[in-house]
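Here are a few notes on the structure you passed along. Have it open while you read.

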Amino acid sequence: MAQQITVYVLIDSVAAFEANRLEGNIYLMDNLRTEGSKNQGTGQLVTAINGTAWSNGTQANEPLLNWLVAGLSSLPVTLPRNYQLDRSRESERVALDAMRLDARALKSDPGAENVRDGLIRAAAALGVHPRFENEHGELERHALQLLDLRGEVVPEADLEADDIHQLPPIITDITGEAVDEGILYPAQYGTPVPINAGWYWSATASTQRPGVYSYTMHIKVYKLIFAGGQPIWQDKDMTYDSQIQVRSRQMVNGFTGGGTGLLPIC
Amino acid sequence: MVGNINIAVAVDVAAALSGGSPDDVVFLIDDGSLASEGKGTSRLITDCVPGQLVRWRSYAIDLQTPVSIKAVRFLNWLDRGGDQAVGRDDVASGGPDWYNDSLDWSGIVPWFMVPGLAYRYRLTLQMGTGPNALISFDTAALKRVG
């Protein structure tokens, strides 16, 4: 039985955001190199979709594609789903504990300079919640603090650092020729796997009409920007076309090379 | 009337490619209505009667790994009594799995099988085209019971 197909979509989010396009900033690969996929690791991937058909024309297998998206400037998608939230909360817990101790010391000695410095340090180490534009066009506080690519909370003083974990890009739709022609039947599914907050795109394929077809990925790319000194998650919607090559072979009996017969037992 | 029999060959492909032995990485089960032995192991003995259609299908336990049935070959009388041959096959690795995917491994149980005797077959599985791509074993069998 044919294996499931995974198309891995790796995006340089920062470069794509700044250039306003995915061309040149996207790298595609799949798990069917030995089965005929071409141009692995480039933007010109052609994914092989190998079907089989019974002699009456009906499809004998059902190829299944999954798309997984990852950002070059983002933490690995394989981290536990609550990783960012856990890191945010942990940094707040550490800061609160430090402040509580300082506050107690301040009570007994209001003039203590080291206590005052400690409080300032604890406050400065606190993470930052960027804003993002919600569905009503209002700026809203993002639930997660900024992290860097090592998973550390980024304090306000380091906001301009170049190793900020950018919100990973996400696919928002799959359209195009292959969908219009009834070759790909895409849909978004939920998963317990820690990919894009538990959502991924998948499609079943019809292999009754072999040929090369293109499809369009609709991708939302995020980047941290600053407006009025305030960090904001800005998104841009982009599209990128990729291709599938659909082939089909007719089923034959493994024992006879033709129709079904007696088992070759001697 | 006894219906057809499907023999499902479930394979832990990652373990097989890492050199696991067939006993540890391949699991056979059938849906026949007679009492087969060794279900869920590589030593399945499927009870059958003449006229039934038997169909083998492979399934990867991890859906994103490749596996297909490259060959099902019944051992002849001389082979059947000897030691069981288990391990990597000497068959040269052929084309991609897709070529095997278009093979329908099905056939009808012949009337001339001797009842009560286990007719062992050698099953060769292909997982991609790498160094450990082929695995073979001949521990499973068909047995005519009526």
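The points below go from overall confidence to a helix and then a sheet.

1. First, keep in mind that this is a predicted model. Its scores are ipTM 0.88 and pTM 0.87. For chain B, the average pLDDT is 87, with 85% of the residues at 70 or higher.

2. Which stretch of chain B has pLDDT under 50? That would be residues 82-93, and the model still gives this stretch 19 contacts beyond four places in sequence.

3. Now to chain A and helix α2, which covers residues 83-108. The helix has 26 residues and spans 38 Å from first C-alpha to last, close to the 38 Å expected at 1.5 Å a residue.

4. Have a look at the side of α2(A) that gets covered. A:Gln84, A:Arg87 and A:Asp102 are buried in this helix, and the cover over its buried residues includes α3 (113-124) of chain A.

5. The sheet I'd point you to takes strands from chains A and B: it is open, has five strands with mixed pairing, and runs β12(A)-β7(B)-β4(B)-β1(B)-β2(B). At its edges stand β12 (252-253) of chain A and β2 (26-30) of chain B; each has a single partner strand, so one side of each has no neighbour in the sheet.

6. How does β12(A) pair with β7(B), parallel or antiparallel? The pairing is parallel, over two bridges, with β7 covering residues 103-108 of chain B. To find the spot, go to A:Asn253, whose bridge partner in β7(B) is B:Asp104.

Conventions
Residues numbered from 1 in each chain as written. Chains lettered and ligands numbered in written order. Predicted model: local features only at pLDDT ≥ 70, side-chain atom pairs only at ≥ 80, totals over all residues. Helix = DSSP H or I, 4+ residues; strand = E, 2+ residues; numbered from the N terminus. Expected span 1.5 Å × (residues − 1). Buried ≥ 20, exposed ≤ 12 C-beta atoms within 10 Å, placed from the backbone. Contact = placed C-beta atoms within 7 Å. Pairing = 2+ DSSP bridges. pLDDT = per-residue confidence, 0-100.
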